[in-house]
Amino acid sequence: MTQLARSRSRWLRLTGAARSLALLGLGLPGLLGLMAGSAAAQQQAEILPRPTLNFYGATGLVDMPTAEHQPDGYLSATISYFGQTTRSTVSFQITPWLSGSFRYSGIDDWNTGASTSTFPTFYDRSFDLRIRLMQESGWRPTVTLGFQDFVGTGLYSAEYLVATKGFGPQGQVKVTAGLGWGRLAGVNVIGSTGTRSGSTASTGGQLNSTDWFRGDVSLFGGVEWLVNDRLSLKAEYSTDDYDEETQVRSLFERRSSVNLGFSYRINNATELGGYYMYGDTVGLMLSFATDPAARPYGGGRDAAPRPVAQRPTRSAPAEVWSAGWAASAARTDTVARGVEAALAAEGLELLSVGLAADRVQVRFVNPRYDATAQALGRAARGLSAVLPASVEIITLVPVSRGLASTAVTFRRSDLEALENTPEAAEAMLAVTGFTQVPPLPGTVWESENSRPRFSWALEPYTRVSYFDPDAPIRGDFGLRLRGSYRITPNLYLAGSIRKRLFGNLDENSRSSNSVLPRVRSDFAEYDKQGDPALETLTAAYYFQPRDAVYGRVTVGYLEQMFGGISTELLWMPVDSRVAFGGELNWVRQRDFDMRFGFQDYSVLTGHLSAYWDLNNGFYTQVDAGRYLAGDYGATLTVTRQFANGWEIGAFATLTDVSAEDFGEGSFDKGILFTIPISWLSGRPTRAEYSLLIRPVTRDGGARLNVDDRLYETIRDYGQISTTERWGRFWR
Amino acid sequence: MTRIALLVGLVVLLAGCSSDTSDRASVSSQTIGLVAGTIEARRQERNAPPPAEPTQAIVSQINEPLLFARRDTGQQGGMLLEADRPPYKVWRGVDNVGFVMQGGVLVSTRGLGPDLYSADPGILPDRLRRREAGPVARLHRRLDGVDTMVTRRYYCTLTLQETETILIAEIPRSTRRLEESCRAVGGATGADLSAEPVFENVYWVGDDATVWRSRQWLGPELGYVRIDQLIK
């Protein structure tokens, strides 16, 4: 084939890597992008559109970065392809000045021309961080410090210091210049700051901090011209020599250092780019971005709540206001049933109610509203219609797994007076009290809801696994049968069985080479043999030994790979941002076929945990203790939490297991996403989509998975969490 | 026959079944429900009949206070009075959209999405009642995407226009038209007025101080709604 024909066929082919990574990179973020696209129409136009992304999924030109950043909180997913390289990246603007990325790249035809190699496609995982040092204003440019692939195998490792300045009446011509080290110092080297070791540890995943900003330095740059609010034209001088890809493996030809092309915004969320790369080949990229703070339906499409029922005026006959009803068992019973029905109409389940002449305390379960304040407001409206006129003080106690953490108290007169006033939300919060839960007053009535109850569900499930070089993404689809028997509101029996209908999770032929006890790295065996699988079968008991102290004991088949006993204690006061807890578990490893049997390996694990809700939307958790493989260490988790339920975070675990013993990746790390379904639908629901991505699953730093740990069970009901979304009280 | 059975089976499979309330359905089930619901809603929107004015024939069958509201987007419906809490009236539509009005001025909406959470219309209801021109100060509140209250202040000018006879459900009503032009207050000093009016409301007020018709602004994302008082 001639040169021309070969290069043409190269960039026209959508190779296996590109296809797989398209699925990976576009899946959920793509769906969000499409949904957010509809929201885009609802947002007000910005002065300048947000900056465009580059092939590395970071804010930049084509292969080079710029100093700009995405708006605060933006989550973007990018997939790019050129010269046999496919990169799929997820980036998050953690703060206005700090952004992070996780990238999964695949390079096809890796064996071409190389003397030794065993991978037809080379897959690589990398993390980036970008820190803005200075913001553009007046004559000053924006300046950013970047770390590309700073903990990984080092294929893309680079550091850079870059500045971008906008020119023109609205700043539509953006000029970028920067200094690059590492991968960005292949061409046009202007100096040197020491030597780079250049070696990547065989296990990868090490922070080669001694190499940062060492070695050759190159000057790179480029220009972006915003033709209008949709189209941008870009030209850059790239200092990435692509030595491995072009000289060793002949994936494309690097004829020039100049990349040119365009970027087109299809809508506020979607960007499409096409570029002529390195004088040889065409590159394409597609990205989706969404702002978790821009909820598609604004305040929500939930149905208008019923009005607060007004009591008769004081001039009504005295019997209407009398407290005589409280002395009559029959009338108390009628009122209690009315309370139960009123709550049920709002999707809330009454557990028990204490009725006295002038006050009432209602304990209920909230299966519907992701915002506790909304559950409280709806409960209050319902109660106003059924409570006798003499009841003035209302106390609402949301209960979760039998644990009641907070009592919310207000006067009925305030509820009636404030309802439609302009400052209803702030005024109501000012007159609402949050306290520990007092005993039920007056006559106590227990609802049928607190009797033993059995429920079951038959539902579809999907399971996905990532990053196996043989198949970057695999999945199973099947049916799950789950049942739950609530013996008392504190004591549950629950179980779940799954049966795969179709999928390829069992095609993973890799076996673990771990030198540690194989507590997690045998996941392929579980996927292969566990069908049908008993996922969990547990008995769980929740108790509250004293105010602000909560406890849990769970026994049984706790998770996919382990069964045993898990115990936990948590201390969390009503109005506190800080909580402390401890967990102690004794577990045995389950058989691969996920039936009732166990293997020989057993371990005692436990952690002391500190949870800290910082006031600015960030939350950190530190767990220190013993992990499943018997190793000792600590895990740090940092999450950005949006009040609407979105959570995006990252975690890392360091234990006394050495990098060599741990194996590929050197230490356990990952990123987490939680997306509330109410954000997508606009209607209240507590269901959320949770995704945890671990670049490598090994045996070090492995923690037991147990359902319904204490912190996640009760934190929605604390004062901090409830008042954060207090505006929803009146919705 | 078997194809239909398979299709039915697939639908049941995807939706799942449960003894519990739908609130507790799994994420998979809720996602599938969400997607199906969105598709269905879009389909209904496309097949929706074109908007039509309510006629006297329809209105004469109802003996309660009745509003008719129509947004610029085409969403429309009748609304019944759900509660009377002087000075507020709470209206509810068939699709569970809620309006709260004060003297004919919209002060709160629910169920539209980016709702007007609450509005303080200042002395506007009084001015409308007396059909008197003059300045009005407004305060609007909305919940943003992270449930934070966002407050916007507006400085408005109410002007008296000509008398107009309008048809409300085919009954002619003699009214005076009043127009309210509102600029945003804010900017660098916190007291700057926006150069252009952000919204302009129109009210047709009858001789008995009833606001028979109005065209009011719901917010930047929602646009305007026309409200007719069909039955007082």
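The legends below describe close-up views of a predicted model.

**View 1. The interface of chain A and chain B.** In this view, 59 residues of chain A are in contact (heavy atoms within 4.5 Å) with 47 residues of chain B. The side of chain A that touches chain B divides into 28 nonpolar, 14 polar and 17 charged residues, and strand 23 of chain A gives the largest share of that side, 9 residues.

**View 2. The salt bridge of B:D147 and A:R728.** The side chains of B:D147 and A:R728 meet at 2.8 Å, N to O, in a salt bridge (a side-chain nitrogen of Lys or Arg within 4 Å of a carboxyl oxygen of Asp or Glu). Across the interface of chain A and chain B, the rule finds 8 salt bridges.

**View 3. A:E459 in strand 23 of chain A.** A:E459 lies in strand 23, residues 453-468, and is buried (under 20% relative accessible area, 1.4 Å probe, protein chains only), with a value of 2%. The side chain of A:E459 reaches the backbone nitrogen of B:S26 at 2.9 Å, and, leaving aside neighbours within four places in sequence, the contacts of A:E459 include A:R480, A:R482, B:G16 and B:S29.

**View 4. A:L383 in helix 6 of chain A.** A:L383 belongs to helix 6, residues 372-386, and counts as buried at 0% relative accessibility. Leaving aside neighbours within four places in sequence, A:L383 is in contact with A:V339, A:V362, A:I394 and A:L396.

Residues are numbered from 1 along each chain as its sequence is written, and chains are lettered from A in the order in which they are written. Local features need pLDDT of at least 70, side-chain atom pairs count only at pLDDT 80 or more, and totals for chains, interfaces and linings use all residues, while side-chain values use heavy atoms, with hydrogens and water left out.

Terms used: Helix = DSSP H or I, 4+ residues; strand = E, 2+ residues; numbered from the N terminus. Buried < 20%, exposed > 50% of the residue type's maximum accessible area, 1.4 Å probe, protein only. Polar contact = N/O pair within 3.5 Å; in protein donor to acceptor, adjacent residues only side chain to side chain. Nonpolar A, V, L, I, M, F, W, Y, C, P; charged D, E, K, R; others polar.
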